[in-house]
Amino acid sequence: MKIAVLIKQVPDTESKIRVKSDGSGIEETDVKYIVNPYCEYAIEEAIRTKEKIKAGEPEAPVATVVISLGPDRALEALRTALAMGIDKAIHIDSEGKIFDGFQTAKILAGVLKAGAFDLIFCGKQAIDDDNSQVAQMTAEFLDFPQVMIIQKFDLTPDSKGALVTRQVGGGAREIYEAVFPLILGCEKGLNTPRYASLPGIMKAKTKPVEKLKASAFLGDTGPLTQFIHYQLPPERAAGKKLDGEAPQQAHELARLLREEAKVI
Amino acid sequence: MKIPHSDQFILKSDSRIQTYKDNPTYTGHPDALYFARDFRDVAEILKECNERKLPVTFCGSRTSLTGSSAANEGLVVSLEKKDRFLDLWTDSKTGETLAKAEPGILLGDFKKKIAEAGSFYPPDPTSYKEAQLGGTVATNATGEDTFLYGPTRKYIRELKILTSTGTEKIIKRARMPVIPSKNRAGYFLDGEEIDEMIGSEGTLGLITEVTTAVLPQRFDHFSLLIPFNDFLASIEFVVRTVESTLRPRALELIGPGAIEIFRTHPDVPQFPKGTKSVIYLKQEFGKSDLSNKSDEWLKWIEKFYREKGHPDWSESIFFGESEKQKDDIRAGRHHIPATVNEEARGWHESGGGKISTDWWVPIDKLLPMMKWVYTKSLKLPFLVFAHIGNGHPHWNFLTKNASEKKMIHDFVLEQCKRAVGYGGGVAGEHGLGKIHRDYLTIQHSKTTIAKMIDLKKKWDPNWILGRGNILPPQGLWR
């Protein structure tokens with residue numbers, strides 16, 4: 001069985017985001033990058049799935065591959081996944097370009113098709129642009145079934161499919177019985193991602209990393225959406241302090257709510 | 001005449017005072033509470049209290065483990081509303097970057113403000129998210145990073161204070177004394193005026209403004225969790241590491257009793273069966289040497305594991321690099337005292353509670369000291385954790401009633417005597433407060449204690465400030 005994990009490298013939530021002066025993107029210097037937290041659940045589930053199959057059948061051929069599209073720095077994210085226990089990595093060089101979700105899905109689908117994977121884990125969304133569309137579109141390009149925002153994953157005894165649970169509105173759960181090939185979008189609660197071990201970090205350095213170019217899979221597919229401009233949300237305006245005794249303050253407050261804030 | 005601003009006092013009949021009575025291990029009985037909003041008002045109050053010889057105790061977030069911010073009597077002045085960050089600038093003469101803030105700012109917020117400007121303020125007691133800056137100066141706080149960066153004292157450049165008579169005074173640092181990593185006990189007599197104030201537990205004056213040096217933010221760090229199946233082997237590992245050329249930022253113990261609590265935190269990794277003790281360390285690295293640093297540690301640990309006959313455990317040395325993982329490890333570490341304090345609180349009513357040690361010994365005496373305490377503690381409900389790289393573990397004993405508490409108290413006094421005999425100290429970081437006052441005579445000679453009494457009289461002749469902290473209330477020894 002071949003298991004793929006699609007991951008994205010994103011700015012650490014602790015990083016302070018600064019927009020470039022011309023609004024064309026964010027300043028990358030001083031930004032620390034991490035593996036998108038939802039993708040960490042995907043990595044963990046792939047490793048656990050392999051461990052489960054191996055526990056039942058030690059000789060079973062199971063391979064895990066982590067794939068990321070991005071600039072050179074995306075390699076760090078791939079190394080993190082390798083250190084956690086993934087077997088091999090594929091780095092698709094974005095060649096200095098920024099792709100929209102549609103193009104990203106197109107490229108990933110091309111790479112996945114060539115790899116003939118049975119099971120593909122992704123994060124439910126990336127925490128930088130929060131688009132939540134790449135996994136779904138990739139499934140469409142591959143014509144694979146998909147279940148998104150999953151919180152439970154159980155292999156069937158024959159390892160040819162799985163029971164997958166997702167939370168829906170009102171506290172209800174949907175349970176899907178799916179046969180591989182399958183794409184899954186992972187949600188918090190699915191598992192607790194493991195810490196890499198120190199020897200794992202060292203071993204990751206010698207695990208294979210295949211290098212591909214995005215252009216080879218994109219063809220002439222153009223973007224469907226474009227970022228025109230970046231800006232930070234407006235700063236909160238200063239508060240207003242009302243003077244005088246309570247009755248005067250109440251009058252003034254009512255006037256402001258009516259005339260300035262226009263909420264009453 | 002009435003005490004100025006006493007119309008704003010919250011009196012002991014008012015339930016709002018309840019929260020301000022308690023420290024985690026000590027309950028006081030103050031008569032009134034006042035929230036400092038303007039230090040000019042506090043000055044007037046101090047002047048009047050001094051003339052009437054009324055006791056005044058200052059409190060921050062009341063995280064003291066020795067009851068130093070709980071008052072047995074008189075007025076409690078809470079600093080929580082004086083929490084402004086004032087300035088961050090570079091001194092034109094020294095080239096040093098300095099930060100200034102009011103005492104009530106939470107240490108975590110202070111550190112964050114400085115970090116946002118690209119600098120770094122090292123002191124980091126475990127309670128850094130709750131403790132106030134002023135309190136950390138008044139106790140000369142240390143934390144896990146003290147191993148590499150030293151205690152709070154090292155970074156204090158200027159203090160603005162109110163004396164016991166309500167007079168404002170600015171004290172600057174002129175030169176740096178030789179600073180031990182850990183405190184001995186009582187006042188620091190080997191420095192200058194500013195050193196008397198640092199670590200004085202609110203007994204010499206009220207700190208109203210703090211100026212600290214800050215460092216450039218140069219390094220990132222990773223954390224390692226290293227499990228051991230034998231407690232004393234983990235101590236031996238620490239001693240060898242400290243004596244080696246390796247320079248971690250922090251070197252901490254999560255020992256027997258503590259590891260069981262640590263494991264219950266949902267975000268920490270699972271250790272192999274039979275884990276008795278975990279060493280938690282932080283290592284800084286520059287842009288290009290992450291790989292070298294991790295390789296160096298792996299080789300060092302594997303060598304030790306091989307020698308002890310469990311080489312396969314290296315697969316369970318956990319590595320945390322992302323901010324989330326590092327925060328999770330810290331949260332798990334903080335979870336230990338928080339859980340114990342909560343459990344111990346349940347025994348207060350029956351006369352029991354937690355007794356925690358704060359002694360430290362020089363690193364070459366750590367192994368015999370730990371072996372001795374461990375052997376004598378085996379039949380007791382205990383846990384042990386904390387700043388092992390500085391020879392400064394916290395042994396915590398849980399007692400259910402007064403007689404158990406007395407027995408443990410005597411045992412801890414015995415430990416303190418041994419620590420002093422080994423050349424160490426009795427109160428590494430928690431201060432003496434009200435509950436460890438009797439340690440002072442274990443640590444110091446009569447002559448030194450007499451000097452401390454003279455110092456107290458110099459600053460606070462009427463003995464009104466922080467009464468009962470460090471020294472007994474005036475007169476009880478005479």
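The dialogue below goes through the cores, a sheet, a hairpin and some ring contacts of this predicted model.

Q: Which residues have the most contacts inside the largest nonpolar core?
A: In soluble globular proteins, nonpolar side chains tend to be buried together. Here the largest nonpolar core has 129 residues, and those with the most contacts inside it are A:F153, B:L159, B:L224, B:I226, B:M370 and B:W395. Helix 1 of chain A, residues 37-56, supplies the largest share of this core, eight residues. There is also a second, separate core of 25 residues, which includes A:L108, A:V111, A:I183 and A:A214.

Q: What is B:M370 in contact with, leaving aside its neighbours within four places in sequence?
A: The list is B:F231, B:L232, B:I235, B:L253, B:W359, B:V384, B:I388, B:P393 and B:W395. One of these partners, B:W395, is also among the core residues with the most contacts.

Q: How many residues of strand 18 of chain B are buried?
A: A residue counts as buried when its relative accessible area is under 20%. In strand 18 of chain B, residues 382-387, six of the six residues are buried, so the strand is largely enclosed by the rest of the structure.

Q: Which strands pair with strand 18 of chain B?
A: Strand 14 of chain B, residues 250-254, pairs with strand 18 of chain B in the antiparallel sense over two bridges. Across this pairing, B:L253 stands opposite B:A386. Strand 19 of chain B, residues 392-401, also pairs with strand 18 in the antiparallel sense, over six bridges. There B:H387 stands opposite B:H392. Strands 18 and 19 of chain B form a hairpin with four residues between the strands, and B:G391 in this hairpin takes a positive phi near 65°.

Q: In what order do the nine strands of the open sheet in chain A run?
A: The order is 9-8-7-10-6-1-4-5-12, with mixed pairing. Strand 9 (173-179) and strand 12 (209-213) of chain A are the edge strands, since each pairs on one side only. On average, neighbouring strands of this sheet are turned by 35° against each other, direction ignored. Within the sheet, strand 7 (residues 146-155) and strand 8 (residues 161-167) of chain A pair in the antiparallel sense over five bridges. The bridge partner of A:D154 in strand 8 of chain A is A:L163.

Q: Which strands does helix 1 of chain A touch as it packs on the sheet?
A: Helix 1 of chain A touches strands 1, 4, 6, 7 and 10 of chain A, and its direction makes about 150° with that of strand 6. Helix 4 of chain A, residues 134-142, lies across strands 6, 7 and 10 of chain A and runs at about 85° to strand 7.

Q: How is a pair of aromatic rings described?
A: The description uses the distance of the centres and the angle of the planes. Over all chains the count comes to 25 aromatic pairs. B:F85 and B:F110 form a tilted pair, 5.7 Å centre to centre with 45° between the planes. B:F85 lies in strand 7 of chain B and B:F110 in helix 2 of chain B, 25 residues apart.

Q: Are B:F85 and B:F110 buried or partly exposed?
A: B:F85 counts as partly exposed at 22% relative accessibility, whereas B:F110 counts as buried at 0%.

Q: Where does the charged end of B:R62 sit?
A: The charged end of B:R62 sits over the ring of B:Y20, 4.3 Å from its centre. Likewise, B:R153 lies over the face of B:F188, at 3.9 Å from the ring centre.

Terms used:
Residues are numbered from 1 along each chain as its sequence is written. Chains are lettered from A and ligands numbered from 1 in the order in which they are written. This is a predicted model: local features need pLDDT of at least 70, side-chain atom pairs count only at pLDDT 80 or more; totals for chains, interfaces and linings use all residues. Side-chain values use heavy atoms; hydrogens and water are left out. A nonpolar core is a set of buried Ala, Val, Leu, Ile, Met, Phe, Trp, Tyr and Cys residues joined through side-chain atoms within 4.5 Å. Buried means under 20% relative accessible area, exposed over 50%, partly exposed in between (1.4 Å probe, protein chains only). Contact means heavy atoms within 4.5 Å. Two strands pair if DSSP finds at least two bridges between them. Rings of Phe, Tyr and Trp (its six-membered ring) pair if their centres lie within 6.5 Å; planes under 30 degrees apart count as stacked, over 60 as edge-to-face and the rest as tilted. A charge sits over a ring if NZ of Lys or CZ of Arg is within 6 Å of the ring centre and within 35 degrees of the ring normal. Axes are lines fitted to C-alpha atoms, for helices over the stretch in contact, and angles run from 0 to 180 degrees between N-to-C directions.
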